[in-house]
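Biologist: I am new to this structure and would like to learn how to read it. Could you walk me through it?

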Amino acid sequence: MARRTTFDFVIAANRLPVDRVVGPDGEVEWHRSPGGLVTAMDSVMRGRDGAWVGWAGDTGDAPEPFDEAGMWLHPVPVSAEEGEQYYEGFSNDTLWPIYHDVIVPARFRRVWWQAYERVNRRFAEAIAEVAAKGAVVWVHDYQLQLVPAMVRELRPDVRIGWFDHIPFPPVELFAQLPWRQQLLTGLLGADYLGFQRQADAQNFVRACRQHLGASTKGETVTLPSDEGRPQRTVRASAVPISVDFEGLDALARTPEVQERAAEIRASLGSPKTLLLGVDRLDYTKGIRHRLKAYEELLADGRLSTPDVTFVQVATPSRERVEAYKQLRTEVETTVGRINGNHGAIGSPAVHYLHQSYPREEMAALFLAADVMLVTPLRDGMNLVAKEYVTCRHDNGGAPVLSEFTGAWHELHQAFVCNPHDIEGLKQTILRAIGTEAKDKERLMRALRRRVADHDVRVWADRFLANLEAAPERPERRRDAS
């Protein structure tokens, strides 16, 4: 029986949810990707007959569409030049800095913008091809901000939602983009726009009012009729993403993971306190700031090895972008200096791991760690904080959480810090270490309740309900019926 070619539910994201792996015998296999978006959407796609449109990760010709674990995957081709210009260039050297408080300067290249337009058009055409009549189309993230309007132009019959996984910047920063009007117009092709924080949704609405002259009221933006097109109203609101609490909690309870957690602590010399950081190697994550705070605590004599050790997992990321190359050099130089000054044979002060790990190993690390350092300078959500809380079924551990993450707006019982304030960060780390175990258990129970009650399924259901009702709120729609 031939596979259907159109689907009632279509996801579009920069990457497909799988990575291409060539085995020893030369056979190509597709393995599920470990990223947060894939993990989040995995539960959404369960039980749905849907398609996922995305780039397979290798430049050049795309593979033919294929079925993987019950999901139809439709690869979009990206040339080597477009990989440099659309992805490394415009997405990650122009948009990413602007959307993250310009921690590093953004670069503006017209050829990058042209590649971004071209690839977004290719995505829109692929979506239009696989979407059934009246389908729900869910577009994800900053790499595809032009896609909603392009899809609407090609397929006005479908329902379009877009979700922003990263912050949306204040108007003053967004105004720096030479293509600000085109980006806003592209997003307004959607029926509903979801953001991590209410402040992000408000920033978007203000940008539409200021740069497009659109009419706005509360969470809605109204576009006037133009060239025969009817007036449209789009809703933008906060719907923060979460994790698969049930699945991750069950994984952390398995004997294998619990045994591995004990092995990790033993292999580190059974320290009294194990500090842990888990991040992509990205300048937004505050890795340098936490290393500086830790180094000063060691130098001050307030922490000392081997009683305390720090494991930093720094997953490789965007290694061809200059700012990321420089960051890696700085981080690895700092780690070397800390170990040189404060480590001993067999007991380094920092265990630095520049690689990615499977979910089972990460769950074991979370269970092993006494203090989780989550110190981004700016982050849309930061699912690592929620993953750590989820894995701590023993109600142990203590998360140190930056107030500049979306997660802070939900996880108020965490030990909150301003990572720019190194002295304050040091005090917060000491407080997380020194707080009585019974008090930390009480805080962790509250954190776990919050994540359990607002898991990834709740997030997806809320988003899709908002999309179905937009531009009204779902509850108002029910009241009116």
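This is a predicted model: local features need pLDDT of at least 70, side-chain atom pairs count only at pLDDT 80 or more; totals for chains, interfaces and linings use all residues.

Biologist: Let us begin with the whole. How many helices and strands are there in the protein?

Modeller: The protein has 17 helices and 18 strands. Its radius of gyration is 23 Å, close to the 23 Å that the globule rule gives for 481 residues, so the protein is as compact as a globular protein of that length. Along the principal axes, the C-alpha trace spans about 70 × 55 × 50 Å.

Biologist: And what share of the residues count as buried?

Modeller: Of the 481 residues, 56% count as buried. The accessible surface comes to about 20,200 Å², and carbon and sulfur atoms account for 48% of that surface.

Biologist: Now for the charges. What is the idea behind a salt bridge?

Modeller: Side chains of opposite charge can pair when their charged atoms come close. Here the cut-off is a side-chain nitrogen of Lys or Arg within 4 Å of a carboxyl oxygen of Asp or Glu. By this rule, the count for this structure is 40 salt bridges. As for the charges overall, there are 59 positive and 67 negative ones, and their mean positions are 5 Å apart.

Biologist: Could you take me through one pair? How far apart are N and O in the salt bridge of R20 and D58?

Modeller: The distance from N to O is 3.8 Å. This pair links distant parts of the chain: R20 is in strand β2 (residues 18-22), while D58 is in the loop between β4 (50-55) and β5 (66-68), 38 residues apart. R20 has a relative accessible area of 42%, which means that it counts as partly exposed. D58 also has a value of 42% and is partly exposed.

Biologist: What about K285 and D379, are they buried or exposed?

Modeller: K285 is buried, at 11% relative accessibility, and D379 is buried too, at 8%. The cut-off for buried is under 20%. K285 and D379 form a salt bridge, with the closest N and O atoms 2.9 Å apart. K285 lies in the loop between β13 (273-280) and α10 (287-299), and D379 lies in the loop between β16 (371-374) and α13 (383-391), so the pair ties together parts that are 94 residues apart in sequence.

Biologist: Which residue forms a salt bridge with D249?

Modeller: That is R253, and the closest N and O atoms are 2.9 Å apart. In this pair D249 is buried, with a relative accessible area of 11%, whereas R253 is partly exposed at 43%. Salt bridges can also be read as networks: K292, E296, D300, E423 and K426 are linked in one.

Biologist: To finish, let us read a single residue. Where is T220 found?

Modeller: T220 is in strand β11 (residues 220-223), and T220 is buried, with a relative accessible area of 17%.

Biologist: Which residues does T220 touch, leaving out those up to four places away in sequence?

Modeller: They are V205, S215, T233, V234, R235 and P471. For a distance across the model, look from T220 to K272: they are 52 residues apart in sequence, and their C-alpha atoms are 52 Å apart in space.

Methods
Residues are numbered from 1 along each chain as its sequence is written. Side-chain values use heavy atoms; hydrogens and water are left out. Helices (H or I, at least four residues) and strands (E, at least two) are DSSP runs, numbered from the N terminus. Buried means under 20% relative accessible area, exposed over 50%, partly exposed in between (1.4 Å probe, protein chains only). The radius of gyration is taken over C-alpha atoms; the globule rule is 2.2 Å times the number of residues to the power 0.38. Accessible areas come from the Shrake-Rupley method with a 1.4 Å probe; for residues, only the protein chains shown count as cover. Lys and Arg count as positive and Asp and Glu as negative; His and the chain ends are not counted. The place of a charge is taken as NZ of Lys, CZ of Arg, CG of Asp or CD of Glu. Contact means heavy atoms within 4.5 Å.
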